[in-house]
Amino acid sequence: MAFKVGSGSSPIYRSGTHKKARAAMLAAYRPGDPCCLCGHPMWPPTSTLHADHDPANPNRYRGLAHGTQPCQDCGVRCNVVDGAKRARARQVKPKIIPFTTSRRWGHHPPPP
């Protein structure tokens, strides 16, 4: 597989359901089939291909995608980059509070 057990990957990738789904996709795979994300052809070794989850439903799959090795055409590890972009978009953006002070430095009251 394209990941190591215990490497920090999510438990869903180590589940029997995921392994069976990926195995079924690999059985139907033919060298040169298009990546489900970039549309460029995927070439062996199959150990570098990832089973791409549907973002709307993590229990469904969109198909195989370039994983641990970059695409030969666009140079992107499509599934890794797509997952990183979606994870970054889900992160809460911190509210930026402007810094203010109770003092007005450099301001002198008018003379009496």
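1. **Nonpolar core.** The largest nonpolar core of this predicted model has 10 residues: Ala21, Met25, Tyr29, Cys35, Met42, Leu49, Ala51, Leu64, Ala65 and Cys78. A nonpolar core here is a set of buried Ala, Val, Leu, Ile, Met, Phe, Trp, Tyr and Cys residues joined through side-chain atoms within 4.5 Å. Buried means under 20% relative accessible area, exposed means over 50%, and partly exposed lies in between (1.4 Å probe, protein chains only). Two or more core residues come from each of α1 (16-28), β1 (49-53) and β2 (61-66).

2. **Basis of the numbers.** Residue numbers start from 1 along each chain as its sequence is written.

3. **Leu64.** Look at this core residue next. Beyond its neighbours within four places in sequence, Leu64 is in contact with Met25, Leu26, Tyr29, Pro34, Cys35, Cys36, Met42, Leu49, His50 and Ala51. Contact means heavy atoms within 4.5 Å.

4. **Overall layout.** The chain has 2 helices and 2 strands. Their order along the sequence is α-β-β-α. These elements are DSSP runs numbered from the N terminus: helices are H or I with at least four residues, strands are E with at least two.

5. **Strand pair.** β1 and β2 run antiparallel and are joined by 5 bridges. Strands count as paired if DSSP finds at least two bridges between them. Leu49 has His66 of β2 as its bridge partner.

6. **Cover on β1.** Of the 5 residues in β1, 5 are buried. Both faces are covered. Leu49, Ala51 and His53 lie on one side, His50 and Asp52 on the other.

7. **Helix α1.** This helix has 13 residues and reaches 19 Å from first C-alpha to last, close to the expected 18 Å. The expected span is 1.5 Å times one less than the number of residues. His18, Ala21, Arg22 and Met25 are its buried residues. Seen down the axis of α1, they fall within an arc of 95°, so they line one face of the helix. The arc is that of the directions from the helix axis to the C-beta atoms. These buried residues pack against β1 and β2. Exposed Lys20 and Ala27 sit on the face turned away from the buried side.

8. **Helix α2.** Residues 78-90 form α2, which has 13 residues and reaches 19 Å from its first C-alpha to its last, close to the 18 Å expected. Cys78, Asn79 and Asp82 are buried in α2. Down the axis of α2, the buried residues fall within an arc of 95°, so they line one face of this helix. They pack against β1 and β2.

9. **A cis bond to check.** The Pro44 to Pro45 peptide bond is cis, with omega near 10°. Most peptide bonds are trans. Pro45 is in the loop between α1 and β1.

10. **Chain totals.** Of the 112 residues in the chain, 22% are buried. The chain exposes about 8,200 Å², with carbon and sulfur atoms supplying 58% of it. Accessible areas come from the Shrake-Rupley method with a 1.4 Å probe; for residues, only the protein chains shown count as cover.

Technical notes
Predicted model: local features only at pLDDT ≥ 70, side-chain atom pairs only at ≥ 80, totals over all residues. Heavy atoms only, no water.
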